[in-house]
Amino acid sequence: MKSESGLNFSIPVVSIVTTVALLGLTLLAAGCEPGGRSAKSLTLAINSGVEGDALKQAARDYEAQTGVHINIAEFPYANLFEKELIDLNAHTGAYDLIMLDDPWFPKFASLNVLTDLTPLLQKRGQNGPDDDFVATSVALCRNPFQTGTLYALPYVGNSQLFFYRKDLFQKHGLKEPATWDDVLTAARTISEQETSGAPAGGKVYGYVMRAAQGNAAVADFMPIFWAFGGEMFDVNGQPSVNSPEGIAALRFMLALGKYSPPGYASFNADEVGAHLLQGTAAMSINWPAWISSFSDPAKSKVIGRMEFGQLPGAKNPGRAEIGNWLIAIPREAKNADAAMDFLIWASSAEQMKRSALRGNPPTRKSVFTDPELIARFPSYRAQLSSLESSRPRPRTPLWNEIENAFGIYLSKANSGELSAEDAMNQANAEIRKIVERGK
């Protein structure tokens with residue numbers, strides 16, 4: 001060969017082949033994969049909040065133990081769904097792991113943008129998630145629901161609880177509410193009797209709920225809807241929210257609204273939490289993330305007075321709405337094997353206990369029943385019971401759109417703009433249009 005400097009030299013072909021082969025082995029040993037991306041580096045998309053914070057700390061711990069650096073892409077809840085959906089649809093391979101709120105899962109699974117985890121587990125001697133995971137949580141990770149392909153593992157085990165003031169129940173001789181009729185009776189009694197006695201002499205409202213348009217109204221309505229026998233879809237898959245049971249459930253929600261603070265039709269989680277913490281409301285459906293606040297003197301005026309129980313029943317037994325956070329590996333992930341190693345590690349009992357200590361409800365039975373955690377979080381027994389009997393929101397890729405439309409009509413009914421019957425009839429018609437467009 002002749003170099004650019006004009007000097008003549010020769011290199012045997014075998015030497016070139018040997019050099020290339022050695023270079024390839026060196027790159028592999030250094031953790032590089034085809035395309036130049038390092039397997040010593042992963043990128044994780046997380047929710048901005050307590051759920052993401054715990055996973056972010058776990059990523060730091062993992063890097064310290066293994067040397068695998070994990071880049072964190074953090075987004076507010078309102079933006080995370082759209083950001084992940086755009087990137088996965090575009091097949092960018094931007095993320096090795098993503099956090100998913102469980103109602104989003106059917107959409108992602110239907111688009112075939114997630115990695116089947118079973119082969120990756122089998123490579124590690126596992127046929128599937130171990131039996132320590134709560135079954136209702138694992139069911140959310142499969143498509144079709146409960147029985148299909150495993151595309152995620154459950155990380156945060158949220159499930160609704162019924163919050164109520166045990167001191168006021170004792171004061172007025174009320175029993176723990178087992179039915180929604182018990183709730184209405186207690187709400188009426190407390191609202192009538194507690195015209196003073198709240199901080200600053202204010203009224204204690206019997207009940208407080210979220211009824212703002214969209215997710216807020218739907219989340220607080222679904223346990224009532226299910227208990228009254230309502231179903232979003234009939235056996236033929238057609239919308240059926242305006243069934244007699246569905247209309248009765250909304251009428252009941254409006255009856256509870258008579259004992260809720262003024263303006264509740266625009267309330268989100270913060271307003272509900274504020275009324276409970278300040279002692280100006282006695283009962284609510286709420287999520288476990290709020291529990292620790294009731295023991296914080298800087299936030300709570302009702303320390304030691306709040307109880308956390310199961311959702312009341314009616315025609316059907318009470319069942320909470322499940323709201324788990326899942327972790328999945330995108331189909332286009334560049335480092336799927338390394339991502340799986342992290343996912344197994346992060347969802348292990350040891351690491352999930354660390355996440356629990358950072359504020360996240362677990363998805364493993366052994367963590368819920370850990371004596372140290374029960375001593376710190378006495379509500380864990382109630383949380384596990386709620387999670388094991390919980391129901392998911394309808395497993396449809398169209399849920400985000402359906403929930404938004406349904407929540408608009410529920411909120412309009414609670415604000416007095418529509419009757420219960422008109423709201424449910426109009427909601428049913430709108431949901432039908434969404435379903436037809438989605439075909």
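Mentor: Rolling a probe the size of a water molecule over the atoms shows where empty space is left. Here D87, L88, H91, T92, G93, A94, Y95, V113, P330 and E332 line the largest cavity. On a 1 Å grid over the protein atoms alone, a cavity is a set of points where a 1.4 Å probe fits but cannot get out, whereas a pocket is an open set with protein on both sides within 12 Å along at least five of seven lines, and lining residues have an atom within 4 Å of a point. This is a predicted model, in which local features need pLDDT of at least 70 and side-chain atom pairs count only at pLDDT 80 or more, while totals for chains, interfaces and linings use all residues. Residues are numbered from 1 along each chain as its sequence is written, and side-chain values use heavy atoms, with hydrogens and water left out.

Trainee: How many cavities of 30 Å³ or more does the structure hold, and what kinds of residue line the largest cavity?

Mentor: The structure holds one cavity of that size, 30 Å³ or more, and the space in the largest cavity is about 60 Å³, where a volume is the space filled by probe spheres set on the points, and grid points are joined across faces, edges and corners. Its lining divides into five nonpolar, three polar and two charged residues; Ala, Val, Leu, Ile, Met, Phe, Trp, Tyr, Cys and Pro count as nonpolar, Asp, Glu, Lys and Arg as charged, and the others, Gly among them, as polar.

Trainee: Turning to the open spaces, which residues are the closest to the centre of the largest pocket?

Mentor: The largest pocket holds about 630 Å³ of space, and of the 23 residues that line it, the closest to its centre are E51, R210, N215, A269 and W287. Two or more lining residues come from each of α9 (215-227), α11 (269-278) and β8 (283-286), and α9 gives the largest share, three residues. Such names refer to DSSP runs numbered from the N terminus, with helices (H or I) of at least four residues and strands (E) of at least two. By class, this lining has eight nonpolar, eight polar and seven charged residues.

Trainee: What is the volume of the second largest pocket, and which element gives the largest share of its lining?

Mentor: The second largest pocket has a volume of about 340 Å³. Of its 16 lining residues, I291, S295, F308, P378 and S379 are the closest to the centre, while β9 (306-309) and α16 (380-389) are the elements that give two or more residues. The largest share, three residues, belongs to β9.

Trainee: How should I read ring pairs, and why is the pair of F162 and Y164 called tilted?

Mentor: A pair of aromatic rings is described by the distance of the centres and the angle of the planes. Rings of Phe, Tyr and Trp (its six-membered ring) pair if their centres lie within 6.5 Å, and planes under 30 degrees apart count as stacked, over 60 as edge-to-face and the rest as tilted. The structure holds 23 aromatic pairs; the rings of F162 and Y164 have centres 6.4 Å apart and planes at 35 degrees, so the pair is tilted. F162 is buried at 1% relative accessible area, and Y164 is buried at 7%. Ring pairs also link F162, Y164, F169, W180, Y207, F228 and F252 into a cluster.

Methods
Buried < 20%, exposed > 50% of the residue type's maximum accessible area, 1.4 Å probe, protein only.
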